[in-house]
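User: I would like to go through this model with you. Could we take it one piece at a time?
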Amino acid sequence: MPQLISIAGLSVAFSGVPVLRGVDLALQKGEALGLVGESGSGKSVTWLAALGLLPRHAQVSGSVRLDGREILGAPAPELDQVRGGRVAMIFQDPASALNPVLTIRKQLCEALALHRDLQGNAVKAEARRLLDLVGIPDAGRRLEAYPHEFSGGQIQRIMIAMALAGNPDLLIADEPTTALDATIQAQILELLSTVRRELGMAMVLISHDLGVVAENCDRVAVMYAGRIVEEAPSNQLFADPVHPYAQGLIGALPPLDGPRRRLTAIPGTVPDPAHMPSGCAFAPRCTLAAEPCGLSAPSLAPIADGRAVACIRAEASRRALLGIAAE
Amino acid sequence: MSPPLVEASAISRSYAMRSGMFGRSTAVHAVDGVSLAIAKGETLGLVGESGSGKSTTGRIVLGLEPPDRGEVRFQGKPMAAPGTTAWRAQRARMQMIFQDPLGALDRRLPVGTQIREPLDIHGVGTPAEREERVRELLRAVELTPAHGTRYPGALSGGQRQRIVLARALATKPDFLVCDEPVSALDVSIQAQVVNLLADLQAQLSLTLLFISHDLRVVRQISNVVAVMYLGRIVEIGSADDLFARPEHPYTQALVSASPAPGRRSAGRIVLSGDPPNPAARPQGCAFHPRCPRAVARCASEVPILAAVGGNRQVACHLVMGAATRDAA
Amino acid sequence: MGRYFAIRIGRAALTIVLVVTFAFVVLRLSGDPALMILGPEAPPEVLAAFRKAWGLDDPIWFQYLDYFGAIAKGELGRSMRDGRPAIELVLERIPATLALTLPAFAFKIALGIPAGIYAALHRGSAIDRVVMMTAVAGFTVPSFVLALLLVLVFAVQLGWLPSGGQDSWRHAILPIATLSLGGAAVLARFTRSAMLEVLGQPYIRTASAKGVPWRKVVTSHALPNAAIPTVTILGFMVGTLIAGAVVVESVFSWPGVGRLLVVAVANRDLAVVQCILLLVAMTMVTSNLIVDFLYGFLDPRLRAKEGHA
C-alpha cells in the first residue's frame, strides 16, 4: 500500500542542541497513529519540523515525503498549499490557539479561501456547515463571535472545523484534549473519531496520555529523548510492551480498578538534550542496561510483523516482562 | 475506626461574581454543603472537573478561607479565628502543596533556604538544628543535601515538587492538603512522586486530603474518594471499589471518560453539553441537564447524599439505595 | 457603555483637580511671589500693596477656593508679571510648540513603528541589532544631551543649521530631530517587544498551520494584536504634545509653551503656571480617554466587557 507520508532520518537541533535525533515514521491513507512520550521527547517537534512550522533558527535535516514528494525545505508557496490543504494541525491550548481579535468567521473563511475554490456566499455557507458538523449550535450567529466567547471545548471544535476546511488527508492533533476536563475530552475524542471515519482522513494523535492514544489509534509509536523507541499496533503495545521505557510508562500508570499495587516508577529524569548520554539515551534509567548499551544508540529494528523496537536488550527485556507476568 | 483528625460539616462558600465590568453581581456557590471526615493517617481523595469546588473545599478545610456556613474541626476542636496565635499554631500542623511547584517557590532563593523558612518563622530549634533538619528533609524526599544549594530554575519539575513537599513537611504537620500535586508532571515522574507521598504518609502517619482531576492517581493514594460536581459531593466511597462500581451517573461518565490502555472506546458514555458553570447552577440535581438518565424529579428536587450499602453514599434520585431510603 | 465613559470622565476631572491643587500648594509653599517678581530690594509698602492687589494676603484656603471659583467661571487669572490674562499668554505660545511637536510626532511614528516591526521580524539579525542599539541609545540619552550633541555637530562643527531661535523653518529642524529621535527609539522598542510577544503566540502558529502565507500572517494576524500595546505608548505621546518640549525649547530658545512654563515657574507667576498645568492635565486626560476608546475598538474582549455595562 502506498504511504501517505513518510519521514526518514528527521533531525532537529536548536542552536546546536539536538532535540530530534533521527526519526523514521510512515503513515498510510486513513490510518490513525498515536505518538506518545513525555515532555521534551520530540513528539510535537517531529510534526512541526515536517510541516516547516519551527522557528527559523531551528536546524532541520532528513526527509519528509508526502505522496512521494519531498516537502522538507520546499518553497514557501508549496508548503502553504500543503499546510491546511493536505495536512492540517490542531494544538493543545484552546485559550490562545485562535486569534483573539478576529471573528470565528474571518478565521474559518480564511482557511476556506486558501484551499477551496469557493466564491462569495458559498464560503460563508461552507463555514456554517463546518461549524454544524463539529457540533457548535446556532452556527450562523456564532460565526460572528470572537474566540473569548467560547469555552475551551468549543474552541477545540472550532479548531477541528478549521482543520477540516481544506479537506486534508492527514490531521495532526497535538495534545488536543490535554487542557480540557475529562468529560469534554471524551466529547472531543469522539468528535475526532467520527470525522475521521466519515472523511477517511488519516490522523496522528500526539499525547502524553497512553490511554487516550490506546483507545483512538491503530498503531502507536513511543518516543524518548528525540527518538522512536518502540512502534507497534496499539493493542499489542499495551498488552506486551518490549522496550523497557514503554514497559516503564505502562507500569507507572495507576490502575483504575483491580488491586492496588505500588507503582513501578522509572527512576531518574529525562536526560538534558545538551548532555545526552552516549549510546542508548534511556540506559541511565534502565533496569536492564548492560555495558553495550552505553556504546552506540540502538536503531529501530523490526521484531515481529508491524512491530519494531530500538533496544539491544529487547530479548532480555521480553524475558523480564514474562518473569514479572509469571510472579 | 479512629475519630477523624479533620472534619468538615456542611461547609458552604459563595463568591460574588460580576459579569463584565459593571454587570450585576451574582452569588456563585463554589462549595455548597460539603461534609467530610478524614481519619488520622488516612487519605481522602477529592475528584471533579474545573468548577466543581474541590480546590475551594481544600482551602476551607485548611483554614485559608472561612466557610460562609458550616464548620471545620481539627482534632475535634473548631478552627481558630484566622490571624490569632492559636490559628498560627494550628496552621503549622497543616500544610498545603499545589500543582505548580515553580510558582510556589521563590526563584531568587536557594531551595534549601526555602525549606528552612517555615522553621525560621516558627522559631524551631537552633540555627544548626534547622540546617540539620533541612538535610534530613531533603533526604526524606529522596534528594541530596547538595540539591539544597540550587535554585528552583536549576531543578526539574519532579525535583521542585519534592522541594515543595520537603518545605511543607518542615514543621512536622499532621495534615497535608495536596491540590493537583502531580498534574503538571510527566507520567514516569508522577509515579515517583506518588510513591514518595505514599511512603512519607506511612512513615510520618500523615493525614491527606488529595485533590485531583485524575481518577487513577486519586485512587492510587486514597482510602476514601469523594466525587464533586458543582460544589457538592455526589458520590463518596472506598477507593477500592468506587471506580470499579460507580453508582452516580456522573461518576460513571467520569470513569468511562478515563481512557485505559488496551480498551477501545466502544460503549463509552459521552456526556453532552459544556462543563458546568458555577455561576449558572441548574435547579434540582445540578447534573440533570447532562445526565443520560435524568427524569422529571431530577429537575426540581435536589438529591441528598444517602448511604446505599457498604460505605458508599450517593446523591441521586435514581440510585436504588437512595430511593428506598426516601420511600421509607 | 455610557456609564463606563461617565466613570472615566469623572476620574479625569478628579485628576485635573488634583494636579491643579498640587501646583497651587507647591508654588505657594516654595516662595513669595511678591518677592520673586518685585525683587528683595522692593520697599515693604510696595510688597504689601502687590500682595493686596493679588489677594496674596488672604488666608491660603480662601485663595484656593477663590482660585477654583474663578476656574469654574472660566477665568484663569492674570499674569502677575504683566497683568495680561494667563490664558492669552499661553494660547499665543501653543502654535510655536505644536510646530515642533506635531511634525516630531509624525516622524516618531514613521520611524519607530516600522523599525520595531522590522527588528521583530528579523530578530537576531544584524539589522535588528543596529535598530536595538540605536533605540537603546536614543532611549537612555537625555534629550538635552542629544540636543547639545546635535547643536555641536550640525550648528557648531558643520555650520549647516542654526543653533537656536525661531526665524525660519531651518531653525525648527534640530529641535524636531531631537524630539523625534528619542520618541522613535521608545516607540521602536515598544513595537518590537509587542510584535515579538505576539509572534510567539500559539494563534500565529495556527495561522501558519492553516497555510496562510507568512506576509499575511504578519499583516492580518500579528499586527492587529501588536497594535494594542503600541496604542498605549502612542496615547502617552499625544499627551506630551503641549508640554513635552520643555527641555528642547529651552535648549534651542524656542518660544513655546515649555519655555513659558520655565520662566513662569522661576517667577512664581502662579496664574500662568496653573493655566499651563491645567492645559497639560487636560491633554493627558483626553489622550487617555482616546486610548481607552481605541482599546475598545482594537480588542473585542474589552468591547464585550463594556457591552455588559
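User: How many residues lie between E1(A) and E2(A) in their hairpin?
Analyst: Two residues lie between E1(A) and E2(A), and Ser15(A) in the turn has a positive phi of about 40 degrees. This is a predicted model, in which local features need pLDDT of at least 70, side-chain atom pairs count only at pLDDT 80 or more, and totals for chains, interfaces and linings use all residues. Residues are numbered from 1 along each chain as its sequence is written, with chains lettered from A and ligands numbered from 1 in the order in which they are written.
User: How many bridges join those strands?
Analyst: Nine bridges connect E1 (residues 3–14) and E2 (residues 17–28) of chain A, which run antiparallel. Ile5(A) has Leu27(A) as its bridge partner in E2(A). Strands (E, at least two residues) and helices (H or I, at least four) are DSSP runs, numbered from the N terminus, and two strands pair if DSSP finds at least two bridges between them.
User: What is the strand order in the open sheet of eight strands?
Analyst: The order in chain A is E6-E7-E8-E3-E9-E10-E12-E11, with mixed pairing. Strands E6 (87–90) and E11 (301–304) of chain A are the edges, each pairing on one side only.
User: In which sense do E9 and E10 of chain A pair?
Analyst: E9 (residues 219–224) and E10 (residues 227–233) of chain A are antiparallel over six bridges. Val222(A) is partnered by Glu230(A) in E10(A).
User: Changing topic, how many residues does the contact take from chain C and from chain A?
Analyst: The contact takes 21 residues from chain C and 25 from chain A, where contact requires C-beta atoms, placed from the backbone, within 7 Å. On the side of chain C that touches chain A, H9(C) gives the most, with seven residues.

How values were computed:
Contact = placed C-beta atoms within 7 Å.
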